[in-house]
Amino acid sequence: MPLKWVLHWQPNAGSTVNSQILNEVSQCVESIHGVKGGKWKATLTFYKPILRDTNIAAGEFPRDFLGISVPEQPNKYYLIIRGQRIVLEADFTIQAIMEKLQSYKLRVALNFEGFQYQLGDFQLRVGKVVPNNSENLRGIVMEIEYLPISSMEKSKQVMEEFFEVWQEAMSKSSLPGRFMHIEPNFAEYGLSDYYTSQHTAVQYANVMAQLIATVQAVQSARN
């Protein structure tokens, strides 16, 4: 499948994300001749264990347990235990099974949603990060997908060059922040150079950790 980078918006110190930034990012994509397409949506869910037996130590259960659905694989669901660097691909029905087993309960679900754009051999998705059943903006994400190649090593140079062009286009807007690409160590999850949706799931988990760190930094600065 096509390779992609998942990036998050890193606000400058003292600033926060808002819908105006999201609008300007979308306008920037159109300014470099991105052709607007349909909507897209991914969902990340935090789960925590339900401990019925008080003799079982909480440490015996994964604490950092994420479930992720991605638009390119509507019939699949991805499970990530970040602490142990485990990523699994399951059928989408696993969610119903988990609910019936009542081993874990949903803590919070976050939606990544917006519009996608076609730009030559690239497909861009720009979206907001909002809690389920809420419009409270928590962050901004962008996917850069390079359609012709599935090898991360072979596509690295062209992705870096495109990202440079994108950063230059964004700099004209003088927005208080920038998009960051922090690539996870996929080998730790047992993933190869050939790109799969499991790579996407790991990237979303990584982006979520970055967004949480940003929110915590802003809160500590206020305090």
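Analyst: Let's begin with a term: a contact means heavy atoms within 4.5 Å. Among contacts in this chain between residues at least 6 apart in sequence, 65% join residues at least 24 apart. Please keep in mind that this is a predicted model, where local features need pLDDT of at least 70, side-chain atom pairs count only at pLDDT 80 or more, and totals for chains, interfaces and linings use all residues. Residues are numbered from 1 along each chain as its sequence is written, and side-chain values use heavy atoms, with hydrogens and water left out.

Now for the setting. The chain has four helices and nine strands, where helices (H or I, at least four residues) and strands (E, at least two) are DSSP runs numbered from the N terminus. Their order along the sequence is β-α-β-β-β-β-α-β-β-β-α-β-α. The C-alpha atoms fill a box of roughly 60 × 45 × 30 Å along the principal axes.

Our residue is Gln203, which sits in helix α4, spanning residues 197-222. Gln203 is buried, with a relative accessible area of 4%; buried means under 20% relative accessible area, exposed over 50%, and partly exposed in between, using a 1.4 Å probe and protein chains only. Across the chain, buried residues make up 43% of the 223 residues.

Which residues does Gln203 touch? Leaving out residues up to four places away in sequence, Gln203 touches Lys4, Trp5 and Val6, together with His181, Pro184, Phe186 and Tyr195.
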